[in-house]
Amino acid sequence: MKTHISKLDQIFAESNQAQMSGRSTRWAVFSLALSSLLAALGTSIANVALPNLALVFHTSFQQIQWVLLAYLLAITSVIVSIGSLGDLLGRRRLLLTGLALFTLASGLCASASSLGLLIFSRALQGLAAAVMMALSMALVAETVPKEKSGSAMGLLGSMSALGTALGPSLGGLLLAQFGWQALFWVQMPLGFLSLLLATRFLPLDGTRLKTDSTQFDPLGSLLLALTLGSFSLAMTIGRGNFGVSNVALLLLSLVGLQLFIQAERKARSPLLRLALFRDYRLSAGLTMSSLVSSVVMASLVIGPFYLSGALDLDITTVGLVMACGPIVAALVGVPAGSLVDRYGTQSISVAGLLFMGTGCLAMVLLPIALGVPAYLLSLAFITAGYAAFQAANNTAVMARARAEQSGLISGMLNLSRNLGLIIGASLMAAVFAFGAATQNLLLATPAALVRGLHMSFAFATALIFIALLIACVSHALRKK
């Protein structure tokens, strides 16, 4: 963290906000980066404790997985509405509320005496994380000078990746030494620190956030939450195997989407103005974000099976190898942001996609004889490219947002990434199982797992090619 703070000394020496006089921009941005880290840490730190929690609460995997699902579904369902609410009520005010709720919910998780209370507390924590994710990016846009926005976006991406990487290792250490409650107790002081920094250094909300003609859209928010919740649940339950429940939830999400579109067309002050999607640069940015997030999920879903089953690594080594991806992304994020400021969003976005495509293609051609070093090199290309793309794409999309809509656009960006991760988890697991020609991957032979890996990353390469095509078409239209 000291490295990131010292980097801020150089990057964020000036502010474009008059009300920031007497405040430190670097500490304001660091508080937002810490919020991003906490939201990511909340996603990954509980994964390692699922077997232990199943024993503690005497329950099945199907039930204990709701400790993760409650958090993810809460984020995905409300993140767009939260962004819009921040535009109306004030982003700083709502972010402080979210940080306070996250800190409180962490304490509730740690002191939960039943599985039901733990799941409820995790849903509260996910709701708070949605506030932190949606508004951190929007607040960076209004706190940092435009010429430094790429560096700030890169820092947020680095801290988010760092939180993802820290989760399994920190969680395993705390679980072994202090028990599962420590996974949530540790988030309380971090949440309190972020709250203190944000309270002290973030600029006060301006009156421009509120207009007489703009109101919150409760019906649209409810319909969108139900639609996204149904879709996310359809993609996550069954662990990649579609059954009757999955189909029913998908149909429910389609009905919800149609009702949402109809409601937005009639609303005086809609949550999402459908005309926004006529902006091809915004639509292209959101689509590419979902595609590349789906590809990144491939390494998280497929990696453990390939590393343990095909390369015969023990669980500790698998964890170390898996952590290398987020660590590379964390290291690349800030330098990539600086390159965005210097060379522009288009060049770095395309470069990031090319790096990802190279890594995916290397996975396709990867012979098992080359072992862990070749896997790590391929993974490094994928995650470094992802960090560079995210810094460039987030900067480009947020630059298109008007001041009164930056919270909404930030929420949509985070939604596109989350949906990509959710879809990728289900889709890549299905492609991997198809390539391995078995549904029971624990019993698959090394050769079958290699076939599954190659087919999955061939599919991922195709997704990156589509993203590159979208980037090139978008650039050509912009030049016109």
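**A pocket and its helices**

Trainee: Which helix supplies the largest share of the lining of the second largest pocket?

Mentor: A pocket is an open set of points on a 1 Å grid over the protein atoms alone, where a 1.4 Å probe fits, with protein on both sides within 12 Å along at least five of seven lines; lining residues have an atom within 4 Å of a point. Helices are DSSP runs (H or I, at least four residues) numbered from the N terminus. At least two lining residues come from each of α11 (218-236), α12 (244-266), α13 (280-310) and α17 (406-436). The largest share, six residues, belongs to α12.

Trainee: What kind of model is this?

Mentor: Residues are numbered from 1 along each chain as its sequence is written, and side-chain values use heavy atoms, leaving out hydrogens and water. Local features need pLDDT of at least 70, side-chain atom pairs count only at pLDDT 80 or more, and totals for chains, interfaces and linings use all residues, since this is a predicted model.

Trainee: What is the volume of the second largest pocket?

Mentor: A volume is the space filled by probe spheres set on the grid points, which are joined across faces, edges and corners. For the second largest pocket it is about 620 Å³.

Trainee: Which residues are the closest to the centre of that pocket?

Mentor: The lining divides into 17 nonpolar, five polar and no charged residues; Ala, Val, Leu, Ile, Met, Phe, Trp, Tyr, Cys and Pro count as nonpolar, Asp, Glu, Lys and Arg as charged, and the others, Gly among them, as polar. Of the 22 lining residues, the closest to the centre are Leu 228, Leu 257, Phe 277, Leu 415 and Leu 419.

Trainee: Are α5 and α17 roughly parallel or roughly antiparallel?

Mentor: The axes of α5 (residues 66-89) and α17 come within 7 Å and cross at roughly 170 degrees. Axes are lines fitted to C-alpha atoms over the stretch in contact, and angles run from 0 to 180 degrees between N-to-C directions. Angles under 35 degrees count as roughly parallel and those over 145 as roughly antiparallel. Helices α5 and α17 are therefore roughly antiparallel.

Trainee: How many charged residues are in the contact of α5 with α17?

Mentor: Contact means heavy atoms within 4.5 Å. Among the residues that meet are Ile 79 and Asp 87 in α5, and Leu 415 and Leu 419 in α17. The contact holds eight nonpolar residues and eight polar ones, while the number of charged residues is one.

Trainee: At what angle do α15 and α16 cross?

Mentor: Residues in contact include Gly 359 and Cys 360 in α15, and Ala 388 and Phe 389 in α16. The two helices are roughly antiparallel. The axes of α15 (residues 345-364) and α16 (residues 371-399) come within 7 Å, and their crossing angle is roughly 155 degrees.

Trainee: What distance separates the C-alpha atoms of Thr 461 and Gly 359?

Mentor: Thr 461 lies in helix α18 (residues 446-479). Neighbours within four places in sequence aside, Thr 461 is in contact with Cys 360, Leu 361 and Val 364. Thr 461 and Gly 359 are 102 residues apart along the chain, and their C-alpha atoms are separated by 8.7 Å.

How values were computed
Angles under 35 degrees count as roughly parallel, over 145 as roughly antiparallel, 65 to 115 as roughly perpendicular and the rest as oblique.
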